[in-house]
Amino acid sequence: MKHLTYAFISLALICCSIKLYAQAPEDKTKGVTPMHEFLKANMDSTIILQFNSSWVHSPEYFILSKKGDTLTAFKYQTLPVYDSRIVMPNSVASKLKKNRVTQIFSAPVDINQYFNPQFIAPDSIRKFWSNLSGLHPWQMKDDAHDGVGCPTEKGKDPNQIYDGGGITLFLITKDDIKKLSFYAPAFYEKQCPGRKGRQDILKIEKYFLTHFQPVKL
């Protein structure tokens with residue numbers, strides 16, 4: 001009986017550990033982090049795009065900041081493992097992967113090794129900022145204002161998705177950090193088109209993905 005009790009306790013601890021591990025990255029990336037606070041204190045204005053998922057994933061943020069006349073792009077992401085052309089022992093490669101990939105889950109989202117500037121040509125980054133500003137993001141309305149999904153229609157089954165992921169937009173000035181959330185905007189724009197906030201976040205997503213190209217090793 002004693003052995004069964006120990007086994008049950010051990011199993012419970014393992015399950016709790018797995019649950020906490022799975023939830024920690026999700027909880028950590030939902031809200032304001034030390035990185036957000038640093039940008040608030042040190043930049044005039046910042047726009048951050050974050051993708052959300054129902055699956056466990058490492059924190060990732062696409063960032064465009066303005067300080068005076070200077071525009072700078074940053075990306076918070078898992079570091080590249082290493083140049084794949086380099087031949088090295090498996091033990092060394094495994095250690096590098098562990099340090100660069102897995103430790104991001106336990107590291108606070110802050111100005112650290114995962115926060116790095118991204119080069120965008122001067123003309124392109126100015127146009128990037130101009131395009132974003134033209135959408136008036138600080139006046140955008142998100143799902144908290146307009147509602148999640150499509151309006152319900154009497155006699156019809158609602159068009160819904162439960163694993164579509166979402167987009168969070170952080171709008172930061174020296175005075176405030178504003179958070180806008182959109183669930184599965186591409187899916188719902190097809191199902192019930194016409195909502196301006198949803199259309200604008202899809203444009204913003206396109207601008208960010210156009211300018212944040214993966215680094216070729």
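1. Glu-60 is partly exposed in this predicted model, its relative accessible area being 29%. Its side chain forms a salt bridge with that of Lys-75, with an N to O distance of 3.3 Å. Lys-75, by contrast, is buried, at a relative accessible area of 11%.

2. Glu-60 belongs to the loop between β1 and β2, whereas Lys-75 is part of strand β3. The two residues are 15 apart, and their bridge links distant parts of the chain.

3. When neighbours within four places in sequence are set aside, the contacts of Leu-49 include Glu-60, Tyr-61 and Phe-62. Among the others are Ile-167, Thr-168 and Leu-169, together with Ile-201, Ile-204, Glu-205 and Phe-208.

4. Leu-49 is itself a member of the largest nonpolar core, which has 22 residues. Along with Leu-64, Leu-169, Ile-201, Ile-204 and Phe-208, Leu-49 touches the most other members of that core. At least two core residues come from each of the strands β1 (45–52), β2 (61–67), β3 (70–76), β5 (166–173) and β6 (177–183), and likewise from each of the helices α4 (122–134) and α7 (196–211). The largest contribution is that of α4, with four residues. A further core of 17 residues lies apart from this one; Phe-74, Ile-104, Val-109 and Ile-172 are among its members.

5. How many salt bridges does a search of the whole structure find? The search finds four, and the Glu-60 and Lys-75 pair is one of the bridges described in this note. Another is formed by the side chains of Asp-143 and Arg-195, at 3.8 Å from N to O. This pair also links distant parts of the chain: Asp-143 is in helix α5 (residues 143–146), Arg-195 is in the loop between α6 (185–191) and α7, and 52 residues separate them. Both Asp-143 and Arg-195 are buried.

6. Asp-200 and Lys-196 provide a further salt bridge, with an N to O distance of 2.9 Å. Because these residues are four apart in helix α7, about one helical turn separates them. Are the two partners buried or exposed? Asp-200 is buried, with a relative accessible area of 3%, while Lys-196 is exposed, at 54%.

Technical notes: Residues are numbered from 1 along each chain as its sequence is written. This is a predicted model: local features need pLDDT of at least 70, side-chain atom pairs count only at pLDDT 80 or more; totals for chains, interfaces and linings use all residues. Side-chain values use heavy atoms; hydrogens and water are left out. A nonpolar core is a set of buried Ala, Val, Leu, Ile, Met, Phe, Trp, Tyr and Cys residues joined through side-chain atoms within 4.5 Å. Buried means under 20% relative accessible area, exposed over 50%, partly exposed in between (1.4 Å probe, protein chains only). Contact means heavy atoms within 4.5 Å.
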